[in-house]
Amino acid sequence: MNLQILASTGAFIGRYNGRNHRLFLSVADTILSDGFEFMMYDSWYDKINEIVSDFNEKGLKILTYHADKFIGQKIGVGGEENTNEAFSLFRKNCDMACKLGAKKVILHLWNGPVSDDNIDNNLNALGELLKISDSYGLLLVPENVVCRAGSPIEYIRVLADRYPTSHFTFDTKMAAFHCELESSLAGDYLSLWREKRIAHLHINDYNGTYKDWDNLKTRHIGEGNIDFENFFGFLSSVGYEGTATLECSSMDESGKIYPEKMSESILKVRRLAEKS
């Protein structure tokens with residue numbers, strides 16, 4: 001299987017280490033990935049030029065860009081002011097993605113405490129978001145983000161039907177959280193894979209049960225109960241060839257980062273892809 005395996009910068013940069021992007025840059029060369037997914041934080045808008053300059057100077061291969069998660073939350077809250085602000089922020093994210101060289105933009109179309117409580121706001125917004133991403137030459141791939149009320153994969157199917165040009169990100173952990181990993185690969189959802197509507201993957205393990213909020217953590221491969229051999233066998237059967245990002249948290253609560261831990265998971269995924 002031809003699979004580009006990426007590592008998320010968000011696995012190394014977070015609140016534990018003050019979101020210091022230079023900590024990641026100091027170890028990026030040691031990570032055994034085919035490139036990286038850049039994770040944008042809402043506290044970085046006044047540092048965009050600095051961060052872009054630092055990343056480009058390092059010469060990293062940024063293939064995908066994860067937009068600010070609060071964009072989807074503002075859309076969910078709704079109202080003209082919040083919606084317009086969300087679209088404005090998304091434009092800034094797309095501009096930054098282009099400057100970093102990314103080709104795909106991952107988005108939490110719904111997110112945060114509001115989650116999918118007002119899901120029509122989120123579903124209706126995709127049309128304008130697609131226009132914005134298209135204007136920047138980027139492929140927008142909304143993710144099957146966990147929900148409080150409904151089913152992430154069902155929302156993805158609804159969006160796919162409503163917006164024929166849309167493509168999506170599939171996250172193994174988020175599907176497992178809803179106990180819908182297996183069902184997402186069959187039945188009404190199989191066409192999403194066969195028609196290449198799933199254009200990006202997030203590969204993370206999960207060690208909880210149905211909607212086990214205390215276990216909603218991006219775990220390394222082998223630290224949970226997901227059957228990755230079966231999953232990669234499925235990917236091979238539908239001819240998936242694209243990008244896959246590991247978001248597995250690789251820092252501790254003191255902020256120390258562990259690039260070797262990420263590389264171990266990357267090698268496991270690479271072996272699974274080669275075996276399938």
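Two strands pair if DSSP finds at least two bridges between them. With that in hand, the fold can be read strand by strand. The model is predicted.

Strands of a sheet pair through backbone hydrogen bonds, either parallel or antiparallel. Two of the pairings here are set out below.

| Strands | Sense | Bridges | A bridge pair |
|---|---|---|---|
| E2 (residues 35–39) and E3 (residues 62–66) | parallel | four | Phe-38 and Tyr-65 |
| E4 (residues 104–107) and E5 (residues 139–142) | parallel | four | Ile-106 and Val-141 |

What lies with E4 and E5 in a β-α-β unit? Helix H5 (residues 119–135) does, and the unit is right-handed.

H5 also packs with helix H6 (residues 152–162). Two packed helices are described by the angle between their axes and the distance between the axes. For H5 and H6 the angle is about 40°, and the axes are 10 Å apart. The crossing of H5 and H6 is right-handed. On the H5 side, Ile-119, Leu-123, Asn-124 and Leu-126 make the contact. They meet Tyr-155, Val-158, Leu-159 and Arg-162 in H6.

**Gln-4 in strand E1**

Gln-4 is found in strand E1. Is Gln-4 buried, partly exposed or exposed? At 32% relative accessibility, Gln-4 counts as partly exposed. Leaving aside residues up to four places away in sequence, Gln-4 touches Asp-34, Lys-61, Leu-63, Gly-242, Thr-243 and Ala-244. Asp-212 is 208 residues from Gln-4 in sequence. In space, the two are 30 Å apart, C-alpha to C-alpha.

**The cysteines**

How many disulfides are there? The count comes to zero. A disulfide needs a pair of cysteine sulfur atoms within 2.5 Å. The closest cysteine sulfur to that of Cys-98 is in Cys-94, 6.9 Å away, so it is too far for a bond. Cys-98 is partly exposed, with a relative accessible area of 32%.

Cys-179 is in no disulfide either. Its nearest cysteine sulfur, that of Cys-147, is 14 Å away. Cys-179 is exposed, with a relative accessible area of 55%. Where is Cys-179 found? Cys-179 is in the loop between helix H7 (172–177) and helix H8 (190–194). Cys-179 and Phe-168 are eleven residues apart in sequence. Their C-alpha atoms are 19 Å apart in space.

Technical notes: Residues numbered from 1 in each chain as written. Predicted model: local features only at pLDDT ≥ 70, side-chain atom pairs only at ≥ 80, totals over all residues. Heavy atoms only, no water. Buried < 20%, exposed > 50% of the residue type's maximum accessible area, 1.4 Å probe, protein only. Helix = DSSP H or I, 4+ residues; strand = E, 2+ residues; numbered from the N terminus. Right-handed = clockwise from strand over helix to strand, strands pointing away. Axes fitted to C-alpha atoms, helices over the stretch in contact; angles between N-to-C directions. Left-handed = near helix turned anticlockwise from the far one by under 90°. Contact = heavy atoms within 4.5 Å.
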